[in-house]
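Colleague: Please show me how to read the packing inside a model, beginning with the neighbours of one side chain.

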Amino acid sequence: MIQQEHLDYVTSIVGSENVKSDKAHLIAFCYDATRTRFEPDAVVFPRNEQDISDILKYCNEHKIVIVPRGAGSGFTGGALPSNGGIILSLERHMNKLLEIDMENMVGVVQPGLINMEFQKAVEAVGLFYPPDPASEEYSTLGGNVSENAGGMRAAKYGITKDYVMALRAVLPNGDIIVAGKKTIKDVAGYNTAGILIASEGTLAIITEITLKLIPKPKFKQTYMGVFPSVDTAMTAVFKSLAAGANPVAMEFLDALVIKALKQKFPQISLPDNAGGILVGDVDASSLAEIDSQLQTLKESFAANGSTEFIIAKDEEEGKKLWFARRNASPATMIYGTKKLNEDISVPRSKLPVALDGIYKIGEKYGFQVPCFGHAGDGNIHVNVMVKDKTNEKEMEDGHKAIEEIFQYVVDLGGTLSGEHGIGTSKAPFMHIAFTEAEMNLFRNIKKAFDPNNILNPFKMGL
């Protein structure tokens, strides 16, 4: 429990209206999408970078834990105060779009700005910010950087790290640093911004982000490929990309997900013979390029076993094709009362064998494992469905299955997480993906930034 004198000092920095320790605020800021709960000792809303610097300097001297937080929408507990301390919430005041630099095609934002608000602002002036996590309507750009968020458009455009040009951040001792520049090229010094991206708020608190923008594509069209099995669909993914296809998105649904969608949403129209589906968009600056991309996909899909290739005639029809993918997650709940979902990632050429192995692990423990996700970048959303979440043995077996799946995908050259990060929920599995030498390197980096271990401690298994 934090001492009152410490809260009084923090209050002297930001004002009483920006320090909350009542039960309602402690509960509101004690959980994220994991639904795991850890109450903080207080919630503080800094007004600016200097507030953050002053708070960190004081808390570092007194060894008070600080946990930075954006929208609290993460899936792995990265923003949870698992060791108490102060939640430093950046959503209330530090949520501004500071600049859209048309000449250099960059945007400068504060970390609390919502992803979708930024997308809309830059598109209004003819520019484009591609990273589009599923949480884009409410997740913050600071959170996106801290987790290196992806999204459906990653197949063509990449993920958050590919757009971060520079960061301003406050170190745990209160020092303010700048990492990166607006320049396209910058090879002076260490890539400090690269270290801070995906660090889950454990190294510094990001206060300003400079993001690369690109011209907004003029045309977009939606497609869907229907396959007899998920295996043929997954083979078509890497084969079509190797053949020159460059879709914005290439999402997949397996047979279990397709079955669940038909049952959950009777109004949905999906082919009866579908064992696997690929759905996505192509975009371009000309209609001729759109047609060329769709033809490449159609020919490659057909060469790899597709039974049908559907092209949306307009935006409304495109939304209908996308309905299945966007509702895949809730549909899977027909298979159980508890979903153990993970976001593993593998090289695209390993998608067929990865899914085959995942299904076999599910069978070993008696679970159905519907899968969907971002096939175009190798990111699979695995859902181990527990029928009775009150059954301790079944829950225990479910967690065993997840651990085996992690080991399996790592052995294939994959990783524990393609989007959600590690936080607290995946920390126990870091030994699967990293050697002791690599974990020691991570610990030494953490110690170099944060020798007193006050900033979001013990996340990522550190």
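Colleague: Which residues does Phe-252 touch, not counting those up to four places away in sequence?

Modeller: A contact is a pair of heavy atoms within 4.5 Å, and by that rule Phe-252 touches Val-230, Met-234, Ile-277, Leu-278, Arg-325, Leu-355, Cys-371, Phe-372, Gly-373, Ala-375, Asn-379 and Ile-380. This is a predicted model, in which local features need pLDDT of at least 70 and side-chain atom pairs pLDDT 80 or more, whereas totals for chains, interfaces and linings use all residues. Residues are numbered from 1 along each chain as its sequence is written, and side-chain values use heavy atoms, without hydrogens or water.

Colleague: How many residues does the largest nonpolar core have?

Modeller: Such a core joins buried (under 20% relative accessible area, 1.4 Å probe, protein chains only) Ala, Val, Leu, Ile, Met, Phe, Trp, Tyr and Cys residues through side-chain atoms within 4.5 Å. Here the largest has 53 residues, and those with the most contacts inside it are Met-234, Phe-252, Leu-278, Phe-301, Cys-371, Ile-380 and Val-382. Among the elements (DSSP runs: helices, H or I, of at least four residues; strands, E, of at least two) that each supply at least two residues of this core are strand E12 (219–227), helix H8 (230–242), strand E14 (276–284), helix H10 (287–303), strand E18 (379–386) and helix H14 (392–411).

Colleague: Why does this core lie between domain 3 and domain 4?

Modeller: With bounds from an automatic or database assignment, domain 3 (217–325) and domain 4 (335–426) both give residues to this core, so it lies between them.

Colleague: Which residues does the second, separate core include?

Modeller: That core of 28 residues includes Leu-113, Ala-169, Leu-171 and Leu-203.

How values were computed
Buried means under 20% relative accessible area, exposed over 50%, partly exposed in between (1.4 Å probe, protein chains only).
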